Amino acid sequence: MNLTAKEKLSYGLGAVGKDMVYMLSASYVLYYFQDVLGVSAVAMGIILLAARVFDAFNDPIMGFIVAKTQTKFGKFRPWLMIGTITNAIILFVMFAAPPTMDAKGLTAYAAVFYILWGVTYTMMDIPYWSMIPAFTKGGKEREGLTTLARSCAGVGSALVTIFTMILVNKIGNLVAGADATAKQIEIAGFKWFALIIAVLFILFIAITCINIKEKSTVDMKSPGVGEMFKALISNDQAMTVVIAIVLINTSIYITSNLVIYFFKYDFGGTGWFNSYTLFNTFGGGIQILSMMLFYPLLRKKLSNNKIFYVCLTSAIIGYAVLLGIAFTSMGSVYILFIPGFFIFAANGVLQVLTTVFLANTVDYGQLKNGRRDESVIFSMQTFVVKLASGVAAFIAALCLQLNNLSNANTTEADKTVDFAKNVAASAKAGLRMTMTIVPIVGLIVAILVFKNKFILSDEKMKEITDKIKETNTQA
C-alpha cells in the first residue's frame with residue numbers, strides 16, 4: 001500500500017522541526033558563545049570539534065540501540081519522541097547561558113550543553129531517517145519521500161537562516177528594553193528565540209509520531225556492535241557517500257559560520273544587520289526553490305549522478321565569483337546575490353541527493369551482505385553531518401583567532417556601531433579567503449572521490465532492486 005498524503009505531510013513536518021533546531025545550533029552556537037558572550041574562539045573551536053569526535057562513538061551505538069528496540073509503538077517512534085523532548089530542553093538551556101558567569105564558567109557551560117545537545121539530537125535523528133527504507137518501497141516511492149523530507153528539512157533550515165537574527169533582534173528589543181545595548185539585546189533575543197524553536201520542534205515531531213505507522217521490514221537477526229561496524233566497512237558505497245557528505249557539508253558550513261562575521265566586520269556599515277538579513281532571505285528562498293522545483297526539473301532530464309556533478313560545479317563557480325566580488329568595493333548587497341544563487345541552489349539539491357544516495361546504499365548492502373542495516377547506515381549520516389559542522393566550526397574559529405576577530409563584540413556597544421571600521425584590511429582578506437578558497441578545495445576533492453568510487457547509478461539501482469525482489473519472492 002502506497003503512502004498517504006497525510007503520512008507524507010506528517011513526515012515532512014518532522015523534518016522542518018528537526019532542521020530548524022539543527023541549523024540554529026550549527027550556524028549560531030559559535031557566534032552566540034564567541035561573539036556575544038566572549039568565549040575564546042579557539043576554545044569554542046576545540047569544543048565543537050571534540051563533541052563531534054565523541055559522536056564517532058555515540059552515533060553507531062545509538063544506531064545499535066534503535067535496531068535492538070522492540071515496543072508496541074515500533075522501534076523508531078519511541079526514540080524519536082524521547083530524543084526530541086530532551087533535545088528541545090537542552091537547546092533552550094544552551095542558548096540561555098547566564099551572562100554573569102566568568103570566562104571559564106561560560107566555556108565549561110558551552111562544552112557541557114553542546115555535547116548533551118549532540119547526544120540528544122542523535123537520539124532522534126537516527127530513527128527519523130532510518131524510517132525511510134523501513135516503511136517505503138524501493139525506487140520512486142522512496143526517492144519521492146526522501147526528496148519531500150529533504151525539501152522540508154531545507155525549509156526548516158531556510159526559515160532559521162532567514163528569521164533568526166530578525167527575530168533575535170525584535171524579541172531582544174522587546175524583552176531587554178529600548179535602552180539596552182546591542183549585546184544585551186542579542187543575549188535576551190537568542191534565549192527566547194531558542195525556546196520558540198524548541199516548542200515548535202516538539203509539536204512537529206509529535207505530529208510525525210502520531211501519523212506515521214512503521215511497516216514491517218525484512219525479518220532478520222539484529223547484529224552486534226562489532227558486526228555493525230564490519231557491515232559499515234564492508235559497504236563501500238555507504239562509505240563513499242559518507243566521505244562525500246563530510247567534504248560537502250564542511251565546505252558549506254564554513255561559509256554559514258563565517259557569513260555573519262563577513263557582513264558585520266567586512267561588508268560593514270551601521271546597516272550591516274539589514275544587509276545580512278536580506279542576503280539570508282534571498283539565500284533561504286533559493287534553497288527552498290532548488291529542493292522543490294530545481295531538483296524535480298533536473299531529475300526529468302538527468303540522472304542523480306549527473307545532477308550531483310552539476311551542483312558541485314555550480315557551488316565552486318559561486319565561491320569563485322564570491323571571492324572576486326569580495327575584493328571589490330561591494331557597494332550593494334544585491335551583487336552578492338549572484339554567487340549566492342549558485343551556492344544556495346547547489347546546496348539545496350545536494351541535501352536531497354546525498355540522502356537518496358545513502359538510502360540506496362541500504363539496498364546495496366542488503367544484496368552484498370545479506371542484511372538491511374538502516375539504523376547503522378543512517379547513524380553514519382547523523383555523525384558525518386555533525387562531524388562536518390564541528391570541523392567547519394573549528395576552521396572558522398581559527399580564522400577568527402588568526403585574523404584578530406575573536407571577541408570583537410564583547411563590549412556593551414551601541415546598536416549603531418560600524419564594527420568594520422576598526423578591522424584591518426589583512427583580517428578582512430583572511431576572512432574572505434577562508435570562506436571561499438577552503439570550500440572550493442573541499443568540493444573539488446568531493447568530486448574526485450565520488451567519480452572514482454561511486455557505482456550506484458540509476459541503472460545499477462534498478463538492477464539491485466529487481467534482484468532483491470526476486471530474492472524476497474523466492475524466500
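This is a predicted model: local features need pLDDT of at least 70, side-chain atom pairs count only at pLDDT 80 or more; totals for chains, interfaces and linings use all residues.

Reader: What classes of residue make up the lining of the largest cavity?
Author: The lining has 22 nonpolar, 15 polar and five charged residues. Nonpolar means Ala, Val, Leu, Ile, Met, Phe, Trp, Tyr, Cys and Pro; Asp, Glu, Lys and Arg are charged; the others, Gly among them, are polar.

Reader: What volume does the largest cavity have?
Author: About 700 Å³. A cavity is a set of points on a 1 Å grid over the protein atoms alone where a 1.4 Å probe fits but cannot get out; lining residues have an atom within 4 Å of a point. Points are joined across faces, edges and corners, and the volume is the space filled by probe spheres set on them.

Reader: Which residues are closest to its centre?
Author: M23, I252, Y253, N347 and Q351, out of 42 lining residues.

Reader: Which helix gives the most to that lining?
Author: Helix 8, with nine residues. Helices are DSSP runs (H or I, at least four residues), numbered from the N terminus.

Reader: New topic. Which residues of helix 8 and helix 9 make the contact?
Author: V259, I260, F263, K264 and F267 of helix 8 meet W272, S275, Y276 and F279 of helix 9. Contact means heavy atoms within 4.5 Å.

Reader: And by class?
Author: Seven nonpolar, one polar and one charged.

Definitions and conventions. Residues are numbered from 1 along each chain as its sequence is written. Side-chain values use heavy atoms; hydrogens and water are left out. On a 1 Å grid over the protein atoms alone, a cavity is a set of points where a 1.4 Å probe fits but cannot get out, and a pocket is an open set with protein on both sides within 12 Å along at least five of seven lines; lining residues have an atom within 4 Å of a point. Helices (H or I, at least four residues) and strands (E, at least two) are DSSP runs, numbered from the N terminus.
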